[in-house]
Amino acid sequence: MRQYRQLVTAAALVVAGAGAALAAGPGQAVPIPERARGAERIVVATVAATTARYERNDFGDELIVTRAELVVEEAIKGAGGPVALEIEGGTVDGITLRVSDLPTIESGERAVFFLTSGKSGRFKAHLRGQGILKLDGENRVQGSSLTVDEIRRLARGNR
Amino acid sequence: MHTHQSIRTAVILLALAGGAAGLGAYNLTGKKWASPEAPYYVNPANADVSESAALAAIQAGAMTWSAQSNANFAFYYMGRTSGSSAAYNGKNEVFFRNEADGGTIARTYWWYNSRNELLDADIMFLDGGWRFFTGSSGCSDGVYLEDIAAHEFGHALGLSHSSDSSATMYSKATRCGTNFRTLAPDDLAGVEKLYPSPSSGSNSAPGVTIKLPGNNASYSEGSSVAFSGSASDSEDGNLSSTIVWTSSRDGKLGTGASFSRVLTAGTHTITAKVSDSGGLTASRQVSVTITTTPPPNQAPAVSISAPSDGTTVTQGTGITFRGSATDAEDGDLTSKLVWNSSVDGTIGAGGSFSRVLSPGSHRVRATVTDSNGVSSYSQIAVSVAAAEDPAPSPSQFWLSATAVKVKGRHHGDLRWGGSSSTKIDIYRDGVKVGTTANDGTHRDAINLRGGGSYTYKVCAAGTTTCSNAAVISF
């Protein structure tokens, strides 16, 4: 039984990496426990609303940035409460920006968010695309067998 | 300084993710370029490899998609850019950024409109977190730029990540892997789905040839290079006037069958490309090298700051010599100065030293030779007067001498005393030059010009009873 559990855990780590990597890259996936250690907050949340606008960052990039209001249903790490997330990409005046190592964010989507503080009290995804694990209707990370329960267990085991 | 990522479970991750291989798993972003060609610019400044090597690797990565597939699409290099930020500015730019972020090696930004037409794409390599290598060997704990470029240009043409672990568009790269530079069947299916090749049933591809410049031709910098070529198509006829010429270094050079152009120094890959009305293309390439001509070697410059020209000192006085030497190619050569006296030979080296010179008139020359063997010198005159002999006592046989010029010719005026001989022999530089009455004075006509010094003594005629020596200098 113990061996089976270890196998499941290893597989979950691996699939989490592979699943997250669909939104990243090219690069190398950071295991869930390590992602959890680096994140200030980990929440299970649903995107309630999004707005997008052009912003100039510290590097001089002129990017469309989407601000997403998240309704938090569970705080796996850190405080609960609403979250304002900013992520590169989005649509302004008919022009859309996509970024290869970030997913898109749309209203109604549900995900596990690994968050770190950004500017002006808004959060950004920790490790960019690897910090947003979108969930399917069965509480699993899309395209993998990793469940929210397993993420919770892996994240809390490393607090 | 790079912050290299831990490899951790990458091998296992890749092995299990490979279970999805072979499923035809390419992902289209749903966006594509409206034109079958997209230009791009490169800022090759980076922390890891030479700019020329980076440029070549990026171009190779971009060319992967048109060279290995039958897709009706190609990126073409337009030249360098100083751009280092992503923006929707109508210019597709590729650049490096000293940033480490989430394990990502590179990322692509792409903008598109509501008709799903790609409008702009920028590629950023993160050399703060990863070390980039070029070529296909020598990589250690890093990645090959060509492979990562191939992946990112895949994004730029409209492909998303594939779940096929053998694909160039797979989301994870292996350290030092060279697999991305070769498109997998999954990549080919994706790009050819996105940009299908025009039907070839009723259209044949055009042909293009390059007459000039010849392959591997070499020209001197500043030379005008003649370009000449021809192109034809079985349906469209002569297409020579539509040949588009580009250089891997200078970007687009011109359009047409022939023209001339001055190229920048370095090795250029010259591409002549033509497209027919059915959308089929053909291209040919030659390599051309523009060599730089080094400027002619400049002679070094020498100056003497001390002592001043014409300085006169008394015998036994130490003289400080100072000088400097510079060279356009070699820089400061002061330490290589060599000092010579016309009287004493080599007297010192370097920028400063002190030395006592022999009595007489010296021409002191400071000489330096640069790395190309070209010498220069500066020269001054220094006179060293003989010290006055102590006043002889009346009972001694004494001599004093004074240098005198008569119409520019050397003479020595002698005075002596202390001898009871009726006749006196005169010796100059050890050679008897005359005998005179012992009247206490004599003018010796040397009759030479220029510089020189002479040593006199007088003796009782026919004896070895002699005075002291006296030196005169001109």
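Mentor: The model is a predicted one. In chain A there are 8 strands and 3 helices, and from the N terminus on their order is α-α-β-β-β-β-β-β-β-β-α. Of the 159 residues in chain A, 46% are buried. Among the contacts in chain A with a separation of 6 or more, 63% are between residues 24 or more positions apart.

One loop residue of this chain is A:Leu127, which sits between β7 (123-125) and β8 (132-134). A:Leu127 has 23 other C-beta atoms within 10 Å, and because the cut-off for a buried residue is 20 or more, A:Leu127 counts as buried. Its C-alpha atom is 9.6 Å from that of A:Asp101, a residue 26 positions away along the chain.

Now to the part for a close look, a helix pair in chain B. Two packed helices are described by the distance between their axes and the angle between them. For α2 (residues 51-68) and α3 (residues 145-157) of chain B, the axes come within 7 Å and cross at roughly 45°. The pair is therefore oblique. The crossing of α2(B) past α3(B) is right-handed. On the α2(B) side, the residues in the contact include B:Ala54, B:Ala57, B:Ile58 and B:Trp65. On the α3(B) side, they include B:Leu145, B:Glu146, B:Phe153 and B:Leu157. By type, the residues of this contact are 11 nonpolar, 3 polar and 1 charged.

Conventions: Residues numbered from 1 in each chain as written. Chains lettered and ligands numbered in written order. Predicted model: local features only at pLDDT ≥ 70, side-chain atom pairs only at ≥ 80, totals over all residues. Helix = DSSP H or I, 4+ residues; strand = E, 2+ residues; numbered from the N terminus. Buried ≥ 20, exposed ≤ 12 C-beta atoms within 10 Å, placed from the backbone. Contact = placed C-beta atoms within 7 Å. Axes fitted to C-alpha atoms, helices over the stretch in contact; angles between N-to-C directions. Parallel < 35°, antiparallel > 145°, perpendicular 65-115°, else oblique. Left-handed = near helix turned anticlockwise from the far one by under 90°. Nonpolar A, V, L, I, M, F, W, Y, C, P; charged D, E, K, R; others polar.
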